[in-house]
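Look over the two chains below.

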Amino acid sequence: MVIRLEEIRKIYRLNQTDVPILKGIDLTIDKGEYVAIMGPSGSGKSTLMNIIGCLDQPTSGSYWLNNYNVATMERKFLAQVRNRQIGFIFQQFNLLPRADALENVALPALYAGLGSKERKQRATAMLERVGLGDRLHNLPSQLSGGQQQRVAIARALINQPSILLADEPTGALDTRTGQEVLNLFEELNQEGLTLVVITHDQEVGDRAHRIVRLRDGMLETDLQAVLV
Amino acid sequence: MPWFESIQVSVSALWANRLRSLLTMLGLIIGIGAVILMVAIGVGAQRYVKDQFKSLGTNVVVLGSDGEQRKGFRPLTTYDAAALETQVPSVSKIAPFIAENGRAVWKSKNASGRMYGITPALVEMLDFPVLKGRFFTEKEVQERARVVVLGQELSGELFGAEEPVGKEVLVQGQPMTVIGVTKQIAFKGYLGYVERGMMMPITVVHERYIAGNTPFGLKLGLIFMEAKPDASVEEVTFQVTNLMRQRHQIMGQDDFFVGTSQQVLDTFNSIALVLTALLGFTAAISLVVGGINIMNIMLVSVTERTREIGLRKALGATEEVILTQFIIEAVLISILGGIFGLALGLGLAQIIGAFSPLKPEVTTWSIWLAVGVSGGVGLFFGVFPARRAARLDPILALRTD
């Protein structure tokens, strides 16, 4: 079991009224699963993603990530958990514009304390893995949207995380390149990587093997796809 | 993260924003440049004056009047001068001196300046340069020859491009023949502005311009004395003071003063030190302004790079890592600004030195001070923006477009 969420609640205080965003979420994700978290805007899926990604902490409940209770961790350790356990993929790629592909991919390894030689080696291997072995020294502006997202995927993978957490990964891409990215996800999943994709796009959700639907801060349905 | 890696990250961030980095430094560059230059000018001025005094010689002693308004005051007179010449054994040469403001006229032009009554002894003692013509002789002093040596500036005002030597000017309405032109000698605190001088035999000045008759002889402004080669200035000072107290029958306070060039030098040095400190302090204020400038632009930079900071945090950068990165950026900017400022100050000092007699002197301590202060400024003013960056919430930061 990679992720276990128990009774997760998140309440924001807005103008002295408590606004509950998540109203008690129970969810477990096993190693090697490919899960889509779906829901309309305002359903709490972004908040849930932030909590799963250790960018935010729940108001109550417990969150076990690889048997560590991260719900009560200090911020300093959360940075390390994000660094080692979670690979982030964002809708807008979020590459550093003035760093080339290799430097962008190597960044998490820098924060993990790896030496420069090993960083370079690993980053090169990751870029080759996503099919950009010939684009090592291109700046993000010299790459297409699909290529940029693949650089971001290579960056997410460099510290060998437990899960890959993708937030609307195809939102900024056209259909064809979006499919390419999703194909890559599938390959990675077949290699045993746990994938969690947050999306409101049914086509993206359909590629996952399990769809978790959120509505008004609660789990609505949890459907396991039938593998053919 | 190791230090050199942090520095690498900061350097590449600064390099990526070259123009802004340079603009951030600008305030500090000017500030440091100003401090270096101002201190250099102050020190250079001190050196300049010291050199000027060297040419005057440290073996000259000046006797002047003091406390004219006190009861029982007696002015310096020609009799005093005569007595000093015969009765002070350590003095080799003596030169009486008197001065008064006056006006010279030639044709339609007129100029105001200062009339000096002097003797050739003073010219020898203080080494007046002769630009044109000559100075008067001892004989001309005794014969009360109506001759005048003009200061360069005054001469230029009256004659322009014309040859002054041999012309007859009216000094306070009395005709005098111009026999020479001189210029300002090295700093002569007691003399005043020689450039506008009308130097005449002291006998002529006494006869025609300054009556100065007293029961004790003809009044004098100053008496210059030169110590014998084997006598010290202290000896002369002591002997002169003794004799003058006797002659003026001093019971309480002296009605004269005995000055040496060393005393003037000391006085000047203490003034120059205060001035240097003042200049340096004024320039140092611009350093603070430069530091605030750094803080401002760093704050703007943090706001602008919110997304980058958020991303770095999401990818695992701890608060300390972000804090370190931004503090290093600030310190690097400041130190670099300090170095550029240093170059600016040195360059300006060179230029000023090339075009003016005053040679600015850049001192080692001002360089260390500048570099140290700039590093400190960066650290001090960099901490606030860096803390703001470190505490950014990654969720909000990533959401910012």
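In this predicted model, a hairpin of two residues joins β10(B) to β11(B). Strand β10 covers residues 213-214 of chain B, and its pairing with β11(B) is antiparallel, over two bridges. Within this pairing, N213(B) has L218(B) of β11(B) as its bridge partner.

Strand β11 of chain B, residues 217-220, also pairs with strand β2 of chain B, residues 76-77. That pairing is antiparallel too, again over two bridges. Here T77(B) stands opposite K219(B) of β11(B).

| Strand paired with β11(B) | Sense | Bridges | Bridge partners |
|---|---|---|---|
| β10(B) | antiparallel | two | N213(B) and L218(B) |

Now chain A. Helix α5 of chain A runs over residues 145-157. Why does its length fit? At 1.5 Å a residue, its 13 residues should span 18 Å, and the end C-alpha atoms lie 19 Å apart, which agrees.

Is α5(A) mostly covered or mostly open? It is mostly covered, with 11 of its 13 residues buried. Among the buried residues are Q147(A), R150(A), I153(A) and L157(A).

Last, the contact between chains. On chain B, 15 residues are in contact with 19 residues of chain A. Elements giving two or more residues to this side of chain B are α1 (3-16), α10 (306-314) and α13 (394-399). α10(B) gives the most, with four residues. The residues on this side of chain B comprise 10 nonpolar, two polar and three charged.

Technical notes
Residues are numbered from 1 along each chain as its sequence is written. Chains are lettered from A and ligands numbered from 1 in the order in which they are written. This is a predicted model: local features need pLDDT of at least 70, side-chain atom pairs count only at pLDDT 80 or more; totals for chains, interfaces and linings use all residues. Two strands pair if DSSP finds at least two bridges between them. The expected span of a helix is 1.5 Å times one less than its number of residues. A residue is buried if 20 or more other C-beta atoms lie within 10 Å of its own, exposed if 12 or fewer, and partly exposed in between; C-beta atoms are placed from the backbone. Two residues are in contact if their C-beta atoms, placed from the backbone, lie within 7 Å. Ala, Val, Leu, Ile, Met, Phe, Trp, Tyr, Cys and Pro count as nonpolar, Asp, Glu, Lys and Arg as charged, and the others, Gly among them, as polar.
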